[in-house]
Each structure stands twice: as structure tokens, then as C-alpha cells.
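Me: Hey, I'm new to this one. Can you walk me through it?

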Amino acid sequence: MKIIKTNSYEEMSLEAAKIIADVIKEKEDATLGLATGSTPIGTYKNLIKMYEEKQIDFSKIRTVNLDEYIGLPPTDKNSYKYFMNENLFDHININKENTNLPNGMADDPDNECERYKNVIDSLEPVDVQVLGVGHNGHIGFNEPGESFESEVHVTNLTDRTIEANKRFFDSIDDVPKKAITMGIATIMRAKKIILIASGEDKAEILSKIINGDVTENVPASILQKHPDCIIIADSSALSKI
Ligand code: GLP
């Protein structure tokens, strides 16, 4: 695990974007594994700027996202599909047919997991996977206790995750209780992983991820075993290391 400590959220975002841009420059049809949440927004802004400055070209890039809420249509501003269009895809020259997320509105979520797993299989290996992290160490929506062997699956969100994510919704009752997520084994197959974190509220969990035991109770702790994982975090998030 390599750790890059930055002075600010802005610097963290730029460092992450530079690594992704390098992958794109090296391989024009790279597969990017993308994440949602508030943390990657600055990274995506930097990628948009680099595209506008003609430093990078997304025309042949393919993407797979980590997860999607069950029950939110793509028109819902809290769906991850809406998020990705709004924060990245609508501002770059990517072919939207090459962008992939689980369909949270599928009639049969288990069949949808199978379909999405096949999509990922056809695009693997993911050249670089972006990860944020939940306060309980979740990556994607792999909550504590999830098997390290897991593949794409339906997951029940913990009360802590629902509580953390309610800030985006009108009320806590509107936060979906289930999601479809890549599993931990799926995530670990990426050639390179960058985990980004900012702010003091992530300090406790980052110390467990970096220095604690590798345990399914802290899903992101598995990253200690990845051959090319970079943690990019600001000094507040690294204050307990
Ligand atoms: C959600 C997402 C995760 C994300 C996490 C942290 O639960 N499913 O992929 O990492 O939130 O979000 P934030 O970056 O807003 O702290």
C-alpha cells in the first residue's frame, strides 16, 4: 500500500485525477472503475478540466461503476447513474454506451447482478479502480462482515450507512435500504486501486484500514493485500496514522 498525503481536498483530487489521466494516456481504451459519494467529485472536476484542455480523450474509454441503489430510477438525482452523468459523463467525450452501472430498477435484482457481473467480466481487467470509503470501512456498498470472496450482489445497507447518506435525501425514510454492488473479490481484481479520503471524520477508519488487521469487519482492510493500491488522503484524514 502506498500512501500519498496531501494538504487539502483539492490537492487530493488533483493527485487522483493525475493517476487516472496517466492510465488513460497510456491506454486509450482503458477500463475505469468509478465511484460515487462526495469524495470523488473533485477528482472528476479535474478530469473534466484535463479533457477540456485536450490532455485526455475519453472517446474509447469504458467504465464500470461500483454500485447503485435499488429502487431509484436514473432520473432520480440520488441515483448513482444520475450522479455519474451530472458529475462526469455529461462533460466529457465518452460514449455513454461504454458506461456501465447496475440497474437499480431491474425487476429481478439477482438476475441483474448476473448481468452486471457478465458486463464486468467482458471489460476486465479494470485498469484503475477509484474508491471512496464509508465510516465503517465499506467500499462500494460492501458493508462490514461481507465476504472477501464476494462478487456482484444485492446488499442490505447498515443503519450507519443509511444515516451517513441521508444528507442527500429529503428524509431518512427516502434512503434506499438495498443496493447492488461489486463484491470485494471483483474490486480486488483491478490492476490498480486508488482510495481517496478527506476530512477528520475518516481518520479513525483510515487508521484501521492502513494499520489494523485485515478483517472482513473492516472491508477496506483487504486493500493491504492488493499489489498496487494507493491511498490518497489529506492530512486530516491521515491524522490518526
Ligand atoms: C457511499 C458509496 C461509497 C462511498 C461512500 C462514502 O456509501 N456507496 O462508494 O465511498 O458512500 O461517501 P463519501 O465520499 O460521501 O464520504
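Predicted model: local features only at pLDDT ≥ 70, side-chain atom pairs only at ≥ 80, totals over all residues.

Me: OK, is Leu34 buried or exposed?

Reply: Leu34 counts as buried because its relative accessible area is 1%. Leu34 belongs to strand S2, residues 31-34. Strands (E, at least two residues) and helices (H or I, at least four) are DSSP runs, numbered from the N terminus.

Me: Which residues come nearest to the ligand?

Reply: Ser38, Thr39, His138, Arg167 and Lys202, out of 13 residues around the ligand. A residue is near a molecule if one of its heavy atoms lies within 4 Å of it.

Me: And how far is Thr39's side chain from the ligand oxygen?

Reply: An N or O atom in the Thr39 side chain is 2.4 Å from an oxygen atom of the ligand. For Ser38, a polar side-chain atom lies 2.6 Å from a ligand oxygen. There's also a polar backbone atom of Gly140, 3.3 Å from a nitrogen atom of the ligand.

Me: How much of the ligand does the protein cover?

Reply: The protein covers 94% of the 390 Å² of accessible area that the ligand has on its own. Those areas come from the Shrake-Rupley method with a 1.4 Å probe; for residues, only the protein chains shown count as cover.

Me: Back to His138. Where does His138 lie?

Reply: In the loop between strand S6 (128-131) and strand S7 (153-156). His138 is buried, since its relative accessible area is 10%. Its side chain makes a polar contact of 3.2 Å with the side chain of Thr161. A polar contact is a pair of N or O atoms within 3.5 Å; within protein, one must be able to donate a hydrogen and the other to accept it, and residues adjacent in sequence count only if both atoms are side-chain atoms.

Me: New topic: which residues does the cis peptide bond join?

Reply: Glu124 and Pro125, with omega about 0 degrees. Pro125 is in the loop between helix H4 (109-123) and S6.

Me: What about Lys54, buried or exposed?

Reply: Lys54 is exposed, because its relative accessible area is 74%. Its phi is near 65 degrees, a positive value in a residue other than glycine.

Definitions and conventions. Residues numbered from 1 in each chain as written. Heavy atoms only, no water. Buried < 20%, exposed > 50% of the residue type's maximum accessible area, 1.4 Å probe, protein only.
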